[in-house]
Amino acid sequence: MPLLEVTDLRTSFHTRNGVYRAVDGVSFTLAKGETLGLVGESGSGKSVTCYSLMGLVPQPPGRIESGTAMFDGTDLLHCSPAQARTIRGKRIAMIFQDPMTSLNPYLRIADQLIEPLLIHEKISRSEALARGLAMLEAVGINDAAQRLQAYPHEFSGGMRQRVMIAMALITRPEILIADEPTTALDVTVQAQILELIKKLQQEFQMAVIFVTHDLGVVSGLCDRVQVMYAGRIVETADTRTLFRAPRHPYTQALQRSIPSLQPKGRDLYTIPGLPPDLSEFNPGCAFASRCAAVTDRCHPTAPDLLAVSPTQATACLRVQAHEI
Amino acid sequence: MSSPILQLNDVQTHFPVESGFLFRHQTGTVKAVDGITLSVQRGEVLGLVGESGCGKSTLARTIMQLVPTTAGTVLLEGRNLTAASAAELLVARRDLQMIFQDPFASLNPRLTVYATLAEPLLVHRVVPPEQVRARVVALAEKVGLSSQVLEKYPHEFSGGQRQRIAIARALALEPKVIIADEPVSALDVSIQAQILNLLAQLCREMNLTLIFIAHDLSVVKHISDRIAVMYLGKIVELGPATDVIERPRHPYTQALVSAIPQLDPDLQRSKPRLVLAGDPPSPLQPPTGCAFHPRCPHVQAECRTTNPLLQVAGPQRNVACLRLNEI
């Protein structure tokens, strides 16, 4: 049985300018201890998917239109706030992109770090502090005892992200949702944080949903990857298959437009056009207008995500018909 | 070799750090750019890489004379910009233009695309007023914007299109040198490729000299002829682009290259990664000796006291490391 099973999640934002279907029918499962990459460009719905699971979508203007997310017998999307509180921040934790703004600048690191423990566990402050100290050491912060008394502004970006990770993992969650945790960091620091997440994941045996726009980050970290486009999952496969033999035209195009793979001096491959406007209803495949392999069939009906091999599923009519 | 179009001689840009409320006094100096000597040839694309805070943007602003230079000279075709008057600078900037990182902040939200592109033409009186319109239309087409969008405002465009407008604005005066400060960092991969192609194509067509600043090494490698790697205000390695990326000599460049995530999952997992310990140092309290020594895997006693100079390490190759020949 999967640890988390999301079925037909639809989240939209009702604004004055219309309804934006940010997440438009997303289904996936996450196994225990698995690392799942969620890849896509801005606006593809990868962050909103995670926010929906964590109950962080502001409502209004956001609205979860349909779907279920089963975690250990509880539907995260429809459970009572009291039930949600026993799971969120304890059994499922999240870290965010910007370590500069996601810590409270007025609180000492110690107070923020042990807050989840004090809320979720019957534990004294001194015990909580001891565990906080151990956690801070586990994420590689030197002089942890002294740093506990520091304020966030005294830390660098990479150190703050380490504190965020310590805070998320202090309750030993079963799932860690990491929303672009290294995007705001320098490459050398990014490498450190990725190594840290990998190490802690093995130590704690937790599942990770890793959201990123950077395919390179995914390739070293994840067991399985899901590619999102315009609110839908267009392809999912184990990491090696996704990079070696992508089937969906969007995944292929995305990989081809990355500079490191291309010969120097020649023009980079580009995907023509722009991502679709999510406020306009589109019955067909969202990628059709930019797709090199488009046919007449692609416009009227949206393809479902169907298995094309035991480890790979693709939402493309032509791939499913074995035409490309 | 012909004379370089842009020549920097020991350029330093320092910022005072002040504290105190009633009695403000200087308590320190940030040496954002600390002694950079560099020459750029006509038609060359020079990539400038480094982590945040290494001074690459300050160097760009120093070349543009947007910040006062503390010491050293910036020569554009032999003209010394650091000693130029405001009037002389205005003339020099016709040849020297800049593209900024954030196309959401660098365009005036109250000006239409037309007004944005016409402004430099009018300020510098490049063409008679009746020809401005035709020039603006030609500029827009050059960067792939249709003339129908000229009456729109920046908020009506996506990030990639805005960056096209910013590029068109930089090209309006037909400059000889363009400095692009992280022009694709704020863009998605597929859009990034479009803008990189556009920049490369414009450089070829107009024989532009481009200084391309980025933190993404694979992007820089793709577009540049030569790469300069900066660390804490200094250039630590300089050389032909492919050479620097494929055979990095300075330990810092080696770590940077090793930190590039590989797309191939097998390669990524098998290759030994050189993960640096620690953060980039604070420019307020730079380390003694070689600025990289606290993070360097090859550090020796000598590195802590002696500041390495940029030395010749091969054809067109310069590296600032004391242990260059040992590692």
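Where in chain B is B:Leu187 found?

## A residue in a loop

B:Leu187 sits in the loop of chain B between strand E7 (177–181) and helix H6 (189–206); helices (H or I, at least four residues) and strands (E, at least two) are DSSP runs, numbered from the N terminus. With 10% relative accessibility, B:Leu187 counts as buried, a word used for under 20% relative accessible area, with exposed for over 50% and partly exposed in between (1.4 Å probe, protein chains only).

Leaving out residues up to four places away in sequence, B:Leu187 touches B:Gly159, B:Gly160, B:Gln163, B:Gln192 and B:Ile195, where contact means heavy atoms within 4.5 Å. From C-alpha to C-alpha, B:Leu187 is 9.5 Å from B:Pro103, and 84 residues separate the two in sequence.

## About the model

This is a predicted model, in which local features need pLDDT of at least 70 and side-chain atom pairs count only at pLDDT 80 or more, while totals for chains, interfaces and linings use all residues. Residues are numbered from 1 along each chain as its sequence is written, chains are lettered from A and ligands numbered from 1 in the order in which they are written, and side-chain values use heavy atoms, leaving out hydrogens and water.

## Helix H1 of chain B

Now to helix H1 (residues 56–63) of chain B, which is mostly covered, with six of its eight residues buried. These are B:Lys56, B:Thr58, B:Leu59, B:Ala60, B:Thr62 and B:Ile63. After H1(B) comes B:Gln65, which has a positive phi, near 60°.

## A buried glutamine in chain A

In chain A, helix H3 (residues 109–120) holds A:Gln112. A:Gln112 has a relative accessible area of 4% and is buried. Apart from neighbours within four places in sequence, its contacts are A:Leu103, A:Asn104, A:Leu107, A:Pro152 and A:Met167.

## Where the chains meet

Let's look at both chains together. On the chain B side, 42 residues are in contact with 46 residues of chain A. About 3,500 Å² is buried between them, and carbon and sulfur atoms give 53% of that area; buried area is the accessible area (1.4 Å probe) that two parts lose on being put together, summed over both. In chain B, the residues losing the most area to chain A are B:Val189, B:His222 and B:Leu263, which together make up 20% of what that side buries.
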